[in-house]
Amino acid sequence: MFQIPRGTRDFTAEEMQKRKSIEEKMRKTFESYGYKEIQTPVFENLELFTAKSGQTIIDEIYAFTDKGDRKLALRPELTAPVIRFYIEKLQMQPKPLKLYYFGNCYRYDRPQKGRYREFKQAGCEIIGVNTPESIAELIAMAYNIIKNSGLKNTVLRIGNLNLLSFIFKRLNIAKEKQEYITPLIDKSLFDDLYEALTDYKISPKDVSDFIDFLQTDDIEKIKNYIKEYKESSDEIQNFEKTINFLKNSFKVTNFKIDMSIVRGLDYYSGIVFEIEAPVLGAEKQLCGGGEYQLIPLFGGRETPTAGFAIGFDRTILALEQEKHEFPKYKTDAYIIPYNKDMIEKSIKIAEELRKQGLIVDIDLMRRGISKALKYANSINTKKTIIVAPDEIKEDAVTVKDMKTGEQQKIKINEIKKEFLG
Ligand code: HAM
């Protein structure tokens with residue numbers, strides 16, 4: 001017997017119905033903001049992912065060599081592929097470019113609930129603009145995609161990596177030291193952070209002030225802390241404007257400013273944000289994104305970029321946890337030929353109703369009426385149509401309402417009316 005590879009999943013028809021219904025809602029929200037869908041390949045040249053992150057990323061992804069000795073990788077995410085696509089083919093298009101995508105991603109993660117080796121992302125990139133209103137719109141859209149999918153409890157947090165960089169520079173925290181302390185910031189291990197920073201010979205007062213900055217969600221306190229950093233004045237002003245647009249114009253008020261967001265991937269700069277679903281426990285991060293820079297590294301003409309990706313599988317898990325009512329597969333009509341002679345007539349009726357846009361199934365197994373009715377029930381049929389010789393003589397069929405059990409003789413040319421109202 002063969003087994004499914006570790007960290008991958010099969011989806012039943014019922015699960016696919018749930019996933020399709022949520023994907024449709026997400027797509028609608030993306031498009032309501034003027035985003036257009038694109039697609040890129042599942043595998044790319046490995047270099048696309050090592051260019052920014054270095055060779056260490058190879059441990060975390062599916063990298064392989066093909067028969068032509070090309071080094072390739074299954075994409076772990078879609079931002080680098082979309083930027084590659086943009087530089088190759090889309091640079092001349094009018095700005096801003098608003099691109100969205102759904103796609104499977106592959107990471108050599110340790111599988112657990114909500115963490116898979118094959119998972120799906122719903123994401124987007126906006127290219128060519130970074131005004132405060134454009135970033136506010138991006139964050140509002142991420143928030144609304146999740147809200148419109150039906151999820152009730154989410155936590156949106158917004159930070160700024162440029163402000164963090166200014167502080168690192170001022171406090172003389174060099175790159176290798178940053179690499180050590182950012183995971184501590186990410187995990188809110190502030191005692192360990194205090195120890196590490198004082199070890200780097202930063203004064204206890206400066207360290208405490210910095211940790212307060214990381215923990216406050218009060219924009220005034222943040223502004224006050226940052227005000228002596230003259231070089232950061234544009235950044236903080238833009239940050240505040242973005243927050244104000246989000247609150248006052250997009251009416252997204254349910255968020256927290258959180259300067260401890262560091263994001264895992266290496267390409268971010270400027271405003272970053274994350275959305276969590278607390279019902280999910282350990283793997284609660286639903287969405288991550290922000291402003292980033294990849295275009296110059298990939299050889300394109302510099303222009304601002306931002307985006308986000310939502311973990312599609314985690315969204316479904318969170319909705320299930322919240323007991324969300326997903327639509328179920330249903331059949332409008334199930335047609336049962338009474339005997340072999342009735343098959344041809346039954347198919348004709350089925351095809352006619354399908355042309356009208358109804359979901360119609362027919363007994364293909366030549367079962368008896370009672371077994372066929374039982375099956376019709378199991379596939380969530382609204383009405384069955386029994387095609388039998390006596391009625392056919394009168395150009396009629398028997399229509400049974402599966403909910404009430406009520407049966408009616410209906411003329412064939414009136415069936416459409418019966419189903420379409
Ligand atoms: P990311 O935070 O690495 O960002 O992934 C986005 C989302 O994908 C996560 O918040 C999570 O919900 C989901 N995810 C990540 N790994 C797994 C996994 N192993 N199993 C299930 N779900 C997972 C990015 O990928 C960026 N490209 C987002 C972005 C777009 N930034 C700018 N533009």
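Let's start with a word you'll need: a residue is buried when its relative accessible area is under 20%, exposed when it is over 50%, and partly exposed in between, using a 1.4 Å probe and the protein chains only. Helices (H or I, at least four residues) and strands (E, at least two) are DSSP runs, numbered from the N terminus. With that in hand, look at strand E15, residues 396-401, where five of the six residues are buried.

Before going further, a note on what you're looking at. This is a predicted model, in which local features need pLDDT of at least 70 and side-chain atom pairs count only at pLDDT 80 or more, while totals for chains, interfaces and linings use all residues. Residues are numbered from 1 along each chain as its sequence is written, and side-chain values use heavy atoms, with hydrogens and water left out.

Back to E15, then, and to the strands around it. Two strands count as paired if DSSP finds at least two bridges between them. E15 belongs to an open sheet of five strands, ordered E13-E12-E14-E15-E16, with mixed pairing. Strand E13 (360-362) and E16 stand at the edges; each has a single partner strand, so one side of each is left without a neighbour in the sheet. From one strand to the next, the twist averages 25 degrees. (Angles like this come from axes, which are lines fitted to C-alpha atoms, for helices over the stretch in contact, and run from 0 to 180 degrees between N-to-C directions.)

Where does the mix come from? Strand E12 (residues 331-337) runs parallel to E14, joined by six bridges, and here proline 337 stands opposite valine 387 of E14. Strand E14 (residues 381-387), on the other hand, pairs with E15 in the antiparallel sense over four bridges. One spot to look for is isoleucine 386, whose bridge partner in E15 is threonine 398. On E15's other pairing, five bridges join it to strand E16 (residues 407-411), again antiparallel, and alanine 396 has lysine 411 of E16 as its bridge partner. E15 and E16 make a hairpin with five residues between the strands, and in it glycine 405 takes a positive phi near 80 degrees.

A couple of residues around here deserve a stop. Threonine 381 is found in strand E14. Is it buried or exposed? At 7% relative accessibility, threonine 381 counts as buried. Its side chain reaches the backbone oxygen of alanine 376 at 2.6 Å. That is a polar contact, meaning a pair of N or O atoms within 3.5 Å; within protein, one must be able to donate a hydrogen and the other to accept it, and residues adjacent in sequence count only if both atoms are side-chain atoms. Then there's aspartate 395, in the loop between helix H14 (389-393) and E15. Aspartate 395 has a positive phi of about 55 degrees although it is not a glycine, and at 47% relative accessibility it counts as partly exposed.

Three bridges join E3 to strand E4 (residues 71-74), with lysine 71 in E4 as the bridge partner of threonine 65.

Now for the ligand. It is surrounded by 27 residues, and the closest are Glu77, Thr79, Glu125, Tyr268 and Gln285; a residue counts as near if one of its heavy atoms lies within 4 Å. A ligand nitrogen atom is 2.5 Å from an N or O atom in the side chain of glutamate 77. A ligand oxygen atom is 3.0 Å from an N or O atom in the side chain of arginine 107, and a backbone N or O atom of leucine 286 lies 3.2 Å from an oxygen atom of the ligand. Strand E10 (285-292) is among the elements that give two or more residues to the shell, and E10 gives the most, with six residues.

One last stop is in the loop between helix H3 (79-90) and strand E5 (97-106), where you'll find proline 96. The peptide bond from lysine 95 to proline 96 is cis, with omega near -5 degrees.
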